[in-house]
Amino acid sequence: MTFELETAANPENLKRVVIEPVTRVEGHGKVTLLLDEDNRIHQARFHIVEFRGFEKFIQGRPYTEVPVLVQRLCGICPVSHHLAASKAMDMIIGARLTPSAEKLRRLMHFGQILQSHALHFFYLASPDLLFGFDSDLARRNIAGVAAAYPDIARQGVALRKYGQEIIRLTAGKRVHGTGAIPGGVNKNLTLAERDLLLKDIGQMIAWSRDAVELIKKVYSERTEFHNGFGYFRSSFMSLAREDGALDFYHGGLRARDEHGQDIFDHLDYSHYWDYVHEEVKPWSYMKFPFIRSRGREEGWYRVGPLARVNNCDFIPTPQAEAERRVFKEFDGGSATQATLAYHWTRMIEMLHCAEGIQELLHDGDLLGDDLFSRGERSLRGVGVIEAPRGTLIHHYRINEDEQIVRANLIVSTTHNNQAMNEAVRQVALQYLDGKELTEGLLNHIEVAIRAFDPCLSCATHALGKMPLEVELIDAEGKEIDRLVRNASGACGV
Amino acid sequence: MSKTITIDGKTIPFMDGQTIMDAALAARVYIPHLCHNPEFKPHGSCKLCTVKANGRLVSSCTMPACEGMEVENGTKELNDERRDLVRMLFVEGNHLCPTCEKSGNCQLQAVAYCLGMMSPRYNHFYPQREVDASHPDVFLDRNRCILCELCVRASRDVDGKNVFGLSGRGIGSRLVVNSCSGRLGDSDFAVSDKAAQVCPTGAILIKRQGFKVPIGQRIYDHKTICQVESQGKTGGEEDE
């Protein structure tokens with residue numbers, strides 16, 4: 001591991017290279033590199049520089065408002081927050097979802113992951129993968145892809161649009177709808193809406209298949225390079241269904257170490273804090289989660305498509321399952337820990353979404369009217385879901401007046417914080433160390449970050465814990481007072 | 001033969017004792033308003049219903065109609081003034097439409113859209129307003145209160161309870177609750193009260209109902225408030 005590159009011993013003597021903003025990711029982040037005179041890397045950090053604070057300002061709001069409020073965390077994956085919060089609120093009102101409600105939510109979630117994965121692969125990642133990491137900057141973007149590979153670009157747009165249509169028909173709007181409510185959903189699908197979606201699903205499956213073939217081809221053309229790029233080994237965490245199947249909507253927590261051995265499995269996520277802790281570091285607004293039993297240094301892990309495809313025992317749709325097997329067996333299993341294999345597994349998941357949507361659309365429960373249930377109220381709710389970028393945890397407490405009094409959100413990208421920093425450091429050592437830096441070389445760092453498809457705007461919630469240092473300087477520049485707050489929130493002078 | 005006025009050139013009948021607003025509502029001519037509800041005594045406080053009657057600016061909800069009165073309503077000049085009034089209401093409180101469960105059923109939002117308000121224009125005050133969730137069935141969010149006093153009138157005139165009132169002056173005016181603690185939960189307010197049903201914004205909300213009406217089925221999803229009221233439906237009362 002490269003923890004030694006987290007903090008340089010003598011930063012004041014080093015030159016600083018900043019990549020800001022990191023492009024083709026959601027949200028705002030930057031990378032800082034500290035190099036000596038020979039361009040040797042001494043420090044490499046991936047910083048999240050925006051701040052959101054949802055955990056704080058939802059306090060006092062009625063619980064019914066939360067699923068709609070917290071989805072504003074993100075414009076790409078709002079459905080994930082909407083559903084995670086709704087699941088937590090289900091627990092608060094003691095609801096057991098009706099079959100119609102659960103299937104409508106699952107359909108919405110499939111649509112969400114389909115559109116998000118399509119967005120990432122075609123719009124954000126494909127320019128690097130199709131043209132090369134240090135190719136001509138002017139065409140290394142979606143417009144360049146559209147010019148050189150019009151069919152691929154068109155399919156990407158159409159796949160995303162289809163996913164957005166599913167969201168519109170289940171949540172009322174393509175972005176920031178209101179479909180899921182505590183205890184169920186507020187609408188079903190009409191026959192006409194169902195038929196509208198059925199009309200194109202065959203094409204979506206075919207294009208998703210093509211996307212898997214495309215990434216497989218790109219990857220295998222330079223297997224050694226793609227396997228080795230930003231390579232490191234780590235544990236993985238995800239939800240898994242009771243029978244071990246890939247499940248985006250519900251399941252138990254499963255974590256496996258870098259050798260594939262269980263750290264824990266089938267865990268009831270309603271007590272996630274017994275297994276996952278978070279650390280605050282002074283240089284990032286994003287917290288650093290870790291598996292408690294393995295400690296801060298060893299306990300970090302990866303989440304997201306690579307983690308899910310590695311962790312599950314099978315994918316419950318035939319074409320995606322066949323592709324999972326191909327991936328796992330590829331080159332003797334060498335891709336299963338590769339940073340760039342995120343792209344491959346992401347496309348396998350997109351195929352699974354398309355197949356899953358087709359299966360659901362033939363289920364009559366989507367047209368049912370029994371959409372809502374309620375049981376005995378509780379003051380605490382935890383909702384966990386597999387968002388496009390990985391495991392998403394929403395945890396709320398309410399008071400007797402039904403207001404939120406406490407919230408904790410551990411967002412997918414946050415789980416990957418240490419892993420993204422690790423990838424940045426590996427790439428910095430592999431490709432930048434000791435070299436004259438060019439735009440193309442610096443893009444290698446961004447390529448490593450992009451592989452995780454981070455959503456930085458979702459992931460920054462360290463309100464009240466952010467370390468701060470305030471200096472009062474007089475007109476001559478002399479320090480006359482100083483106040484420091486450390487990561488635990490304690491203040492000192 | 002009945003008496004008539006004209007509103008923007010259209011002849012409207014009225015009966016003695018009716019206000020311009022009464023006549024307009026009966027004829028399904030929309031005059032923008034927020035503090036007016038025909039079920040209660042006129043209040044004349046929001047000033048959105050200001051029209052020009054025989055050349056004078058008057059509140060149409062309180063101004064009696066007179067034979068031959070010529071009323072200007074939908075003019076650019078008046079709608080520009082109304083838009084500014086609504087903009088001020090938006091920055092004076094904390095109106096976060098994207099996450100408000102009243103969105104789509106909210107008269108303030110609907111009037112703003114109807115008047116073409118697409119941005120706040122003025123600086124937000126971001127006032128500190130108290131939220132009162134103490135009642136078992138009703139949530140009182142003063143962030144969204146526009147001081148229309150419809151709840152005050154409903155509680156006093158229909159429910160006979162006097163649960164609500166206004167206190168303070170000017171920018172310090174606020175909705176208060178008539179109970180020992182000042183909390184709604186300690187008053188004799190009931191979810192079945194008329195006052196629980198009349199709020200034109202999301203200041204008084206029935207608990208556990210949030211977002212049950214899907215997008216597309218809310219009052220103002222497909223029609224402007226002008227179209228809704230012109231067809232005779234009173235906004236502010238949600239479809240169940």
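This report describes selected features of a predicted model, from aromatic pairs to strands, helices and single residues.

## Basis of the values

The model is predicted, and local features need pLDDT of at least 70, side-chain atom pairs count only at pLDDT 80 or more, while totals for chains, interfaces and linings use all residues. Residues are numbered from 1 along each chain as its sequence is written, chains are lettered from A and ligands numbered from 1 in the order in which they are written, and side-chain values use heavy atoms, with hydrogens and water left out.

## Aromatic pairs

Over all chains, a search of the whole structure finds 18 aromatic pairs. Rings of Phe, Tyr and Trp (its six-membered ring) pair if their centres lie within 6.5 Å; planes under 30 degrees apart count as stacked, over 60 as edge-to-face and the rest as tilted. One of the pairs is A:Phe110 with A:Phe248, which is edge-to-face, at 6.2 Å centre to centre and 80 degrees between the planes. This pair links distant parts of the chain, 138 residues apart: A:Phe110 is in helix α4 (residues 99-131) of chain A, and A:Phe248 is in the loop between β6 (235-240) and β7 (252-256) of chain A. Helices (H or I, at least four residues) and strands (E, at least two) are DSSP runs, numbered from the N terminus. A:Phe110 counts as buried at 12% relative accessibility, and A:Phe248 counts as buried at 3%. Buried means under 20% relative accessible area, exposed over 50%, and partly exposed in between (1.4 Å probe, protein chains only).

A:Phe133 and A:Phe229 have ring centres 5.0 Å apart and planes at 70 degrees, so this pair is edge-to-face. A:Phe133 lies in the loop between α4 and α5 (142-148) of chain A and A:Phe229 in the loop between α8 (223-228) and β6 of chain A, so the pair ties together parts that are 96 residues apart in sequence. Relative accessibility is 6% for A:Phe133, which counts as buried, and 0% for A:Phe229, which also counts as buried. Ring pairs link A:Phe133, A:Phe225, A:Phe229 and A:Tyr431 into a cluster.

## Charges over rings

A charge sits over a ring if NZ of Lys or CZ of Arg is within 6 Å of the ring centre and within 35 degrees of the ring normal. A:Arg222 lies over the face of A:Phe225, at 4.0 Å from the ring centre; A:Phe225 belongs to the cluster described above.

## Strands of chain B

Two strands pair if DSSP finds at least two bridges between them. Strands β3 (residues 50-53) and β4 (residues 56-59) of chain B pair in the antiparallel sense over four bridges, and B:Thr50 has B:Ser59 in β4(B) as its bridge partner. The two strands form a hairpin with two residues between them, and B:Asn54 in the turn has a positive phi of about 50 degrees.

An open sheet of three strands has the order β6-β7-β10 (chain B), with antiparallel pairing. Its edge strands, each pairing on one side only, are β6 (131-132) and β10 (204-206) of chain B. β7(B) and β10(B) pair over three bridges, and B:Phe139 stands opposite B:Leu205 in β10(B).

## A polar contact between chains

B:Asp141 lies in strand β7 (residues 138-141) of chain B and is buried, with a relative accessible area of 0%. The side chain of B:Asp141 makes a polar contact with the side chain of A:Arg61 (2.6 Å). A polar contact is a pair of N or O atoms within 3.5 Å; within protein, one must be able to donate a hydrogen and the other to accept it, and residues adjacent in sequence count only if both atoms are side-chain atoms.

Helix α3 (residues 78-92) of chain A has 15 residues, which at 1.5 Å a residue should span 21 Å; the end C-alpha atoms are 21 Å apart, which agrees. The expected span is 1.5 Å times one less than the number of residues. In α3(A), 14 of the 15 residues are buried, so the helix is largely enclosed by the rest of the structure. A:Gly94, which follows α3(A), has a positive phi near 65 degrees.

A:His176 is not a glycine, yet has a positive phi of about 60 degrees. A:His176 is in the loop between α6 (150-171) and β4 (180-181) of chain A and is buried, with a relative accessible area of 14%. A:Glu402, not a glycine either, has a positive phi of about 70 degrees. A:Glu402 lies in the loop between β13 (390-398) and β14 (404-410) of chain A and counts as buried at 7% relative accessibility.
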